[in-house]
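Subject: Handover of a structure

Dear colleague,

I am passing a structure on to you, and below it you will find my notes on what came out of it. Please read them with the structure open beside you.

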Amino acid sequence: SPTSADLTDRAVKIVADFGATQEKPLPAELAAASGAGLDPHITEQGALFQVDRVAKARNISSVEVESLIRKISFSPGGPFTPDRLVNVLELNLALESRGK
């Protein structure tokens, strides 16, 4: 429930862990947990928010990570839907196979 103190506390911690600010707000999907945790997609906005973290963890440039995200993102409804999605598994495989 949105009135749950436990959920509010968890969301506040997640926002802090991501280092979100008013100038760089955290996309809502990153603060909320999926019911099953199995959805393979996040929004392009959610993926781009994490560029610096992923680049640091993989010891590659932020430019390279952003480029891969933009390359594999897609619009599920074609040109009629503004939100683009990123398949996280596909992104991870692309990150793993870069330079091979």
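Asn59, which follows helix α4, has a positive phi, near 55°; helices here are DSSP runs of H or I with at least four residues, strands are runs of E with at least two, and both are numbered from the N terminus. Please keep in mind that this is a predicted model, in which local features need pLDDT of at least 70 and side-chain atom pairs count only at pLDDT 80 or more, while totals for chains, interfaces and linings use all residues. Residues are numbered from 1 along each chain as its sequence is written, and side-chain values use heavy atoms, with hydrogens and water left out.

As to the chain in general, it holds six helices and two strands, and from the N terminus on these run in the order α-α-β-α-α-α-β-α. The C-alpha trace spans about 45 × 35 × 30 Å along its principal axes. Of the 100 residues, 25% count as buried, where buried means under 20% relative accessible area, exposed means over 50%, and partly exposed lies in between, with a 1.4 Å probe and protein chains only. If one takes the contacts (heavy atoms within 4.5 Å) between residues at least 6 apart in sequence, 41% of them join residues at least 24 apart.

To return to helix α4, which covers residues 51-58, its residues Val51, Val54 and Ala55 are buried. Because they cover an arc of only 100° around the axis, they sit on the same side of α4, the arc being that of the directions from the helix axis to the C-beta atoms. The exposed residues Lys56 and Ala57 are carried by the face of α4 turned away from that buried side, and what covers the buried residues includes α3 (44-49), α5 and α6.

How do the axes of α5 and α6 cross? The axes of α5 (residues 62-72) and α6 (residues 88-97) come within 10 Å and cross at roughly 135°, which makes α5 oblique to α6. Axes are lines fitted to C-alpha atoms, for helices over the stretch in contact, and angles run from 0 to 180 degrees between N-to-C directions; angles under 35 degrees count as roughly parallel, over 145 as roughly antiparallel, 65 to 115 as roughly perpendicular, and the rest as oblique. On the α5 side Val65, Leu68, Ile69 and Ile72 meet Glu90, Leu91, Ala94 and Leu95 of α6.

Two loop residues complete these notes. Ser75 is placed in the loop between α5 and β2 and, at 17% relative accessibility, counts as buried; leaving aside its neighbours within four places in sequence, Ser75 is in contact with Thr81, Asp83 and Arg84. Gly19 lies in the loop between α1 (5-18) and α2 (28-31) and is partly exposed, with a relative accessible area of 43%.

With kind regards
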